[in-house]
Amino acid sequence: MTRLNARIPEGPLAEKWTAYKSGSKLVNPNNKRKLDIIVIGTGLAGASAAASLGQLGYNVKVFCYQDTPRRAHSIAAQGGINAAKNYPNDGDSAYRLFYDTIKGGDYRAREANVYRLAQVSNQIIDLCVAQGVPFAREYSGLLTNRSFGGAQVSRTFYARGQTGQQLLLGAYSALSRQIAAGTVKLYNRRDVLDMVLVDGKARGIIARNLVTGEIERHAAHAVVLANGGYGNVFFLSTNAMGSNVTPAWSAYRKGAMFANPSFTQIHPTCIPVHGDAQSKLTLMSESLRNDGRIWVPAKMKDVEKLRNKEIKPSDIAEADRDYYLERRYPAFGNLVPRDVASRAAKERCDAGFGVGSTGVAVFLDFADAIKRKGHDAIDSLYGNLFQMYEQIVAESPYETPMMIYPAVHYTMGGLWVDYELMTTIPGLYAIGECNFSDHGANRLGASALMQGLADGYFVLPYTIGNYLANEIHTPRFDTASSEFNLAAQAVTDRLQQIKNSGGKESVDNFHRRLGKIMWEYCGMARNDAGLTEALYQITELRHEYSRGVKIPGRLDEYNPEVEKACRVADFIELGELMVRDAQQRRESCGGHFREEYQTSEGEALRNDDEFAFVGAWEYRGRDVAAELHREELQFNEIKLSQRSYK
Amino acid sequence: MNFTLKIWRQKNVTAKGEMVSYDVSGISPDSSFFEMLDTLNQKLITTDGDPVAFDHDCREGICGTCSLYINGRPHGPVKGVTTCQLHMRAFKDGDTIFIEPWRAKAFPVVRDLVVDRSALDKIIQAGGYVSVNTGGVPDANTIPVPKEKSDAAFDAATCIGCGACVAACSNAAAMLFIGAKVSHLALLPQGRVEAAKRVQNMVACMDELGFGNCSNTYACESDCPKGISVTNIARMNREFLGAKLFSEKEKVIKESL
Amino acid sequence: MYSSITKKVLMALPGLFLVTFLCVHLGINLMLLKNDGGRAFSEAATFMGTNPVIKVAEIVLFAGFLLHIAFGLIVSGQNRSARPVAYARSNSSDTSFFSKYMFHTGIIVFIFLALHFCDFYFIKIGLVAPPTGIAVHDFYSRTLLLFSTPWYSLFYIVSFIVLGIHLNHAIQSAFQTLGWNHSKYTDAVKVIGSVYSVAIAAGFSIVPIYVLFFLN
């Protein structure tokens with residue numbers, strides 16, 4: 001029988017959160033001072049949680065691998081943040097936001113969590129505005145909204161193309177205020193390498209000081225993971241270079257279950273790969289699809305001429321262009337959800353109609369929009385994105401269509417958490433992208449920022465109190481205890497082992513190889529044979545890695561190769577689990593597309609009878625297959641249906 | 001493309017550093033500057049060399065982590081981009097490229113090209129925020145903000161905190177960085193409430209940290225990857241003088257229960 | 001200690017005062033061009049030397065000089081120590097070249113000022129004896145004598161070109177420091193500042209050129 005209990009409060013969906021808050025235990029202000037909380041990560045979720053918990057009076061220690069909390073990769077989110085404010089009076093409501101999120105996630109998310117997310121979304125906007133986040137405004141001085149990522153209402157608040165940056169700076173400023181007040185202590189340039197459990201509860205962490213290489217021990221009454229997503233398992237992704245799974249993975253190895261690891265989002269509008277030296281991919285905001293039209297040539301001879309640079313894209317007549325999204329999905333056109341748009345691009349490129357020097361790109365054309373709205377209007381909407389594109393590709397989107405191709409962007413999977421955002425380890429919480437909870441098998445645009453901030457500002461500060469209320473008699477922990485000794489020793493041994501393994505190949509090489517396997521077999525489309533092959537290749541890679549990887553320099557100094565070595569070791573293990581998860585899920589849903597399970601028109605075919613569950617994996621040991629647990633998903637409010645965007 | 005690189009190498013904060021010369025070859029003009037350095041590092045790793053440490057993270061020009069002083073300019077020769085968005089096509093084949101860390105007393109070198117910019121965090125901690133708590137705030141639309149003000153605030157708020165302004169300044173001053181934050185918040189009604197206190201605290205903190213003074217050369221604006229204008233410095237000066245001259249003496253109020 | 005902005009303001013305000021003083025000084029100098037044997041010039045000089053309001057202004061002027069120079073030195077010292085390790089490759093940011101050399105141009109102007117005081121002001125207050133044959137208050141003859149020496153005239157002209165360079169940056173810089181920056185007016189301030197600095201350099205240089213080449 002499953003060990004998973006989501007602990008969803010009783011009562012009607014719309015009243016669960018209120019009921020929970022009314023019934024949860026509180027911690028007296030005098031006792032909060034005696035309680036320590038560790039927060040790992042300073043993105044939207046981590047920074048907002050640390051700031052809010054510090055403000056409540058807890059002693060917070062916050063960790064980030066960056067030199068300052070303001071650099072966490074939430075900063076790169078461009079498009080916007082959803083909220084059910086209904087300011088435009090177009091029929092939005094908490095229920096509709098909830099409904100869209102569940103449907104967009106292809107019915108693989110938990111109703112209660114998503115409804116709560118929709119409920120608190122409005123509070124986020126209020127708080128961010130009060131913090132001074134400069135959201136876009138009308139001439140009236142009031143906030144403006146846009147429709148985003150295929151939503152049929154305008155519920156997205158945005159700050160030009162830099163919404164993530166502005167929201168993160170808001171959370172960072174709140175965090176800075178608490179640091180100045182002394183309630184939060186910042187540990188920057190730290191990698192968190194292990195969790196410490198005492199009597200089965202999360203009681204601390206082992207961190208490596210990236211400047212000195214020192215192994216540090218930190219104890220607390222509860223630990224909050226907010227270390228983001230694991231898209232870098234693909235080597236090339238839109239994640240930051242340092243984004244990693246290590247803190248979450250160390251929790252997994254200590255018993256926290258990892259849910260739906262194979263659910264990755266491939267974002268349709270990224271700048272295509274230029275060559276072998278490519279180190280990361282750059283996302284162009286999805287908002288571009290509001291005005292840009294996606295196409296490839298309809299005739300193979302035009303494809304060839306383009307590739308040989310005999311003609312320019314603009315030379316191809318309207319009738320010879322295949323606006324394949326508009327053709328296949330007349331109702332939504334270019335605004336279909338991300339997974340659908342990505343797969344459609346892959347389908348065209350696989351069929352040989354791709355453009356660009358590599359043949360793996362499609363056009364995103366603004367010529368019509370410029371004609372319709374004027375150059376200036378397009379410039380004010382997308383000017384900074386066009387500029388960014390031009391810097392990277394050296395072509396102006398005003399003159400020639402952009403070229404785009406899908407890239408790994410977000411991971412819906414993550415540590416399994418219950419309604420309180422607690423993992424299967426008591427006292428260990430996971431918030432933001434590093435948990436699995438709200439996006440099902442596919443995340444809608446402008447929902448990641450919403451979830452990160454909802455978790456950090458408005459959910460965790462309540463739910464963690466319910467746990468800590470029982471911990472007020474627990475004294476501060478001694479980091480010289482045997483549990484800490486063991487964990488610290490294990491980390492030191494592991495680092496020594498990697499350092500002394502004495503291979504010839506660099507960490508980056510291994511990472512690149514892993515990425516190729518993942519992208520090939522566990523990317524936009526998956527099939528059983530491919531996944532079996534991937535499993536074999538990754539296991540081989542893991543063995544090879546443990547036999548030897550080349551690490552220059554020393555452990556007790558600033559050494560980026562050591563950082564990467566630990567991260568890549570974890571990515572290899574994670575890759576294996578992702579493949580297993582993709583293999584066990586014999587259906588297609590959202591970002592998970594199994595070629596064996598598709599409709600006659602090539603759309604994802606869900607199997608609700610057998611797979612309407614969350615697949616949570618339990619670690620069984622390094623060379624033992626992980627064990628799958630199922631949390632059956634109950635849909636009481638929403639009737640499951642085939643997603644259709646036609 | 002082939003390049004000769006002259007790179008600052010320094011083991012740690014106390015060690016003596018020096019410029020060391022390296023050659024890289026076969027670089028694609030479409031490579032980013034960091035991909036070029038990645039190529040160098042991979043070569044160094046496989047030949048038992050010591051790879052060059054440099055700060056980088058998002059590689060899309062928004063996180064502000066990257067910090068190279070390239071050929072006498074922070075973030076290199078192209079205007080309005082960070083180092084990670086600099087592409088090798090901006091250089092000529094065979095060029096010699098000088099790569100140095102940001103230089104300022106307030107930014108000690110951690111290793112090679114990596115510097116410690118926590119001084120900028122300290123300035124923000126001194127007051128770069130609106131003192132609101134989570135919860136208990138009014139509905140977002142009860143605070144109207146004139147669009148022009150909101151846009152100007154946004155322009156200032158795009159600062160990515162990379163420190164290029166300090167690196168470019170002949171006096172290693174941080175005035176553009178703090179001017180941007182002071183302006184962002186002073187322009188908005190939400191930030192107006194504690195504007196006088198904020199600017200004084202932030203300036204005092206900046207002075208303590210050992211940054212230089214502004215001599216209005218505007219190198220900061222010219223090399224800011226986000227094009228933040230020096231009008232923000234003027235606004236800060238105005239805010240500061242107004243606060244110093246006209247704010248009332250602070251009263252200590254004891255809140256007894 | 002004053003904050004960095006206060007220090008800059010304490011440089012900018014006296015600086016602006018000195019800028020207006022230059023205008024007055026130039027007006028008097030230009031009277032030398034009047035072909036009246038120096039009568040107008042001497043009258044003005046006497047007025048400047050005796051009027052009680054001017055006497056007070058003189059004190060303010062000297063205080064201004066001292067403040068400007070003192071804070072200039074302090075600020076420059078701090079600026080130097082803010083970057084203990086210099087760049088190997090010198091800065092090539094797009095800035096006006098001379099704006100980075102305000103300290104250096106200031107030093108040259110200061111040297112000129114010292115010499116100028118020896119030649120005129122110290123004689124007036126009796127610290128230095130006038131050259132033989134010239135009365136203590138006969139500034140007209142004194143000026144003509146000095147400017148008829150080509151090296152002195154050359155030094156004088158160079159000094160004012162340097163001062164012009166100093167002013168070109170200083171005027172708009174003072175406005176910026178005081179926070180007087182406005183999207184409508186700042187460009188005008190910059191243009192007027194540049195025109196003013198050229199006018200000062202040219203205006204002061206006319207006199208020695210006139211004396212050297214056109215008098216006699």
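**Interfaces between chains and domains in the predicted model**

Domain 1 of chain B and domain 2 of chain B bury about 1500 Å² between them, with 58% of this area on carbon and sulfur atoms; buried area is the accessible area (1.4 Å probe) that two parts lose on being put together, summed over both. In domain 1 of chain B, the residues that lose the most area to domain 2 of chain B are Pro74(B), Ala106(B) and Phe107(B), together 32% of what that side buries. The model is predicted, so local features need pLDDT of at least 70 and side-chain atom pairs count only at pLDDT 80 or more, whereas totals for chains, interfaces and linings use all residues. Residues are numbered from 1 along each chain as its sequence is written, chains are lettered from A and ligands numbered from 1 in the order in which they are written, and side-chain values use heavy atoms, with hydrogens and water left out.

The domain bounds, which come from an automatic or database domain assignment, divide chain B into domain 1 (3–111) and domain 2 (117–246). The C-alpha centres of these two domains of chain B lie 29 Å apart. The contact (heavy atoms within 4.5 Å) takes 22 residues from domain 1 of chain B and 20 residues from domain 2 of chain B. Two salt bridges are found across this interface of chain B, a salt bridge being a side-chain nitrogen of Lys or Arg within 4 Å of a carboxyl oxygen of Asp or Glu. The side chains of Asp55(B) and Arg117(B) meet in a salt bridge at 3.4 Å, N to O. By class, the side of domain 1 of chain B that touches domain 2 of chain B has 10 nonpolar, seven polar and five charged residues. In this classification Ala, Val, Leu, Ile, Met, Phe, Trp, Tyr, Cys and Pro count as nonpolar, Asp, Glu, Lys and Arg as charged, and the others, Gly among them, as polar.

Chain A is divided into domain 1 (268–408) and domain 2 (480–610), whose C-alpha centres lie 31 Å apart. Between them, these domains of chain A bury about 830 Å², of which 55% is on carbon and sulfur atoms. Asp339(A), Arg343(A) and Lys346(A) supply 50% of the area that domain 1 of chain A buries against domain 2 of chain A, more than any other three residues. One salt bridge is counted between the two domains of chain A. Arg328(A) forms a salt bridge with Glu603(A), and the closest N and O atoms are 3.4 Å apart.

Between chain B and chain A the buried area is about 6000 Å², and carbon and sulfur atoms give 51% of it. Glu60(B), Thr134(B) and Phe154(B) supply 12% of the area that chain B buries against chain A, more than any other three residues. The contact takes 69 residues from chain B and 73 residues from chain A. Seven salt bridges are found across the interface of chain B and chain A. Glu60(B) also meets Lys280(A) in a salt bridge through their side chains (2.7 Å, N to O). The largest share of the side of chain B that touches chain A comes from H3(B), with seven residues; helices (H or I, at least four residues) are DSSP runs, numbered from the N terminus. That side of chain B has 29 nonpolar, 22 polar and 18 charged residues.

Definitions and conventions. Helices (H or I, at least four residues) and strands (E, at least two) are DSSP runs, numbered from the N terminus.
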